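Subject: Structure handover

Hello,

Here is the structure you will be working with. Please keep it open while you read the notes below.

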Amino acid sequence: RIRWLAVAATTPPQRADYGYITGSITRKGAVAEGQVVACFDSGLNLIDITHSKTDGQFRFDNLPLGASYSVMALDNDTYTYTPASCDRLTPKEYPWK
């Protein structure tokens with residue numbers, strides 16, 4: 001039962017008006033694994049936090065299409081979580097649409 005709930009929590013919604021944002025984090029040209037990545041809405045409200053994977057990739061799901069988000073990578077090597085970069089992004093449609 002717990003395993004099923006964990007899978008369900010990571011499955012994108014089957015809604016045509018929601019999408020995802022994905023990207024990659026690098027540092028000095030190299031893949032940056034384990035970096036903290038935060039997603040904020042246009043009012044700068046925190047939506048979600050994730051960590052970059054071994055290939056530097058990150059992903060945020062369940063975001064309304066047409067909205068704009070700030071995605072910020074945080075430099076956490078010294079555990080000060082200093083903003084390292086920030087981009088304004090809009091969600092992409094899920095490929096099943």
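This is a predicted model: local features need pLDDT of at least 70, side-chain atom pairs count only at pLDDT 80 or more; totals for chains, interfaces and linings use all residues.

Strands β1 and β6 run antiparallel and are joined by six bridges. Strands here are DSSP runs of E with at least two residues, helices are runs of H or I with at least four, and both are numbered from the N terminus. Two strands count as paired if DSSP finds at least two bridges between them.

Residues are numbered from 1 along each chain as its sequence is written, and side-chain values use heavy atoms, with hydrogens and water left out.

On its other pairing, β1 (residues 18-24) meets β9 in the antiparallel sense over two bridges. Tyr20 has Lys92 as its bridge partner in β9, and Gly19 has Glu93. Together the three strands make an open antiparallel sheet in the order β6-β1-β9. Its edge strands are β6 (57-64) and β9 (92-93), each of which pairs on one side only.

Tyr20 has a further neighbour: Arg59 lies over the face of its ring, at 4.1 Å from the ring centre. A charge is said to sit over a ring if NZ of Lys or CZ of Arg is within 6 Å of the ring centre and within 35 degrees of the ring normal.

Which residues make up the largest nonpolar core? There are eleven: Ile21, Ile25, Ala32, Val37, Cys39, Phe58, Phe60, Leu63, Tyr69, Val71 and Ala73. Strands β4, β6 and β7 (69-75) each supply at least two residues of this core. Another core, of five residues, lies apart from it and includes Val36, Ala38, Met72 and Leu74. A nonpolar core is a set of buried Ala, Val, Leu, Ile, Met, Phe, Trp, Tyr and Cys residues joined through side-chain atoms within 4.5 Å. Buried means under 20% relative accessible area, exposed over 50%, and partly exposed in between (1.4 Å probe, protein chains only).

Val37, a member of the eleven-residue core, touches Ile25, Asp48, Ile49, Thr50, Ser52, Phe58, Phe60, Val71 and Met72, leaving aside residues up to four places away in sequence. Contact means heavy atoms within 4.5 Å.

Is Leu44 buried or exposed? Leu44 is exposed, because its relative accessible area is 58%. Leu44 also has a positive phi of about 65°, although it is not a glycine. Asn45 counts as partly exposed because its relative accessibility is 44%. Setting aside residues up to four places away in sequence, Asn45 touches Cys39 and Phe40. Asn45 and Tyr69 are 24 residues apart in sequence, and their C-alpha atoms are 9.7 Å apart in space.

Finally, Asn62 is placed in strand β6. Its phi is near 65°, a positive value in a residue other than glycine. Asn62 is partly exposed, because its relative accessible area is 35%.

Regards
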